Amino acid sequence: MDEIVNELQAVPWPVVAPIIIIQFLLMVIALIDCLRRGGETKGPQWVWILVIVFGGIFGPIIYFLFGRRND
Amino acid sequence: MRQWIILFKKEVKESIRNFKWIWIPVVFILLGLTQPVVSYYLPDLLEQFGGLPEGAAAAFPVPTGSQVLAETLGQFSQIGLLVLVLAFMGAVAGERNNGTNIMILVKPVSYASYISAKWAHMVLLALVSFTAGFIFSVYYTFLLIESVPAAHIIQGALVYGLWLTFVVTVVLTLSTIIKSPAAVAFLTFGVTITLSLMSSLLPEIMTWSPGMLSSHSHSFFMNGYGNEGFWLSLMCTILMIAVMLSLAIYVFRKKEMAVHTT
């Protein structure tokens, strides 16, 4: 347990936090768009949700570029 | 002029509605933030996870500020350009395929303003995204590594912005000529990769090339002036942008005329 705490404290949070926040923001925007569209995605919606959530930085980008119909 | 502004507003509205005005700048910001952090912590990361022999990480010194800025531009040139080109590949071709442009062109809209409004909007979005991403990159570089003279940064960024403008113009022009958006993207990458590759392999005969602009911008970060032949490639790029834009308008007018008369 102590080791994990130490490791976490070693992470330079002030530097890393903005990156995580912005990446999260991108994910949320993609999710909102995906859900708002309902079934209007190329391919099944639940696959795109998985891609957005677990695809790292590229998940939302790929969704925005290729996931939407009549763009 | 009023007509042009209406067309331009239509482009902006469309891109706000499909979130392009949010997600493309966010992607650039993410790229801009990540590069300085990665450069700064690379020795640490290699030590912890790289499995390198003791002391080998010392062979990777933290780069200078101008190097990090140049690396950021490298990221923009890869993932950033990929995103821009793929986002814009359907600019004209897509509208032609789904019929939107017929709705617009039945009104007394000049072909030139239709194309130039599209172009202006694409360039604006590309440059705003680039600027946003680069500001974050500069901030992190100053914070973590060292400061670079502001004049150098601004000059380098302007030069790089012209390269982005060039690529966006290529996308738009090809998009008016070719029907398939995928082919547009593919050909644009072909053109940009060939230009940058030729420029780095044969710098002597490619001094005019727009592909030289990114290496000129690196030189601006480093020394505050461009490499030899900077003005030539600057002028050639501006000229080529103007020619491509006129070509796009010409081709578009011809194609639409053919559609409307038959």
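Student: How far apart are the mean positions of the 13 positive and 11 negative charges of chain B?

Tutor: They lie 30 Å apart. Here Lys and Arg count as positive and Asp and Glu as negative, with His and the chain ends left out; each charge is placed at NZ of Lys, CZ of Arg, CG of Asp or CD of Glu. Before we go on: this is a predicted model, in which local features need pLDDT of at least 70 and side-chain atom pairs pLDDT 80 or more, while totals for chains, interfaces and linings use all residues. Residues are numbered from 1 along each chain as its sequence is written, chains are lettered from A and ligands numbered from 1 in the order in which they are written, and side-chain values use heavy atoms, without hydrogens and water.

Student: What makes A:Asp33 and A:Arg68 a salt bridge?

Tutor: The term needs a side-chain nitrogen of Lys or Arg within 4 Å of a carboxyl oxygen of Asp or Glu. For A:Asp33 and A:Arg68 the N to O distance is 3.5 Å, so the pair qualifies. Helices, by the way, are DSSP runs of H or I with at least four residues, numbered from the N terminus.

Student: Why is A:Asp33 called buried?

Tutor: Buried means under 20% relative accessible area, exposed over 50%, and partly exposed in between (1.4 Å probe, protein chains only). A:Asp33 has 2%, so it is buried. A:Arg68, at 3%, is buried too.

Student: What makes B:Lys118 and B:Glu11 a salt bridge?

Tutor: Their closest N and O atoms are 2.8 Å apart, so the pair meets the distance criterion. This pair spans 107 residues, from B:Lys118 in helix α6 (residues 111–144) to B:Glu11 in helix α1. Both residues are buried.

Student: Which residues are linked in a network of salt bridges?

Tutor: B:Lys10, B:Glu11, B:Glu14, B:Glu95 and B:Lys118. Over all chains, the structure holds 8 salt bridges.

Terms used. Helices (H or I, at least four residues) and strands (E, at least two) are DSSP runs, numbered from the N terminus.
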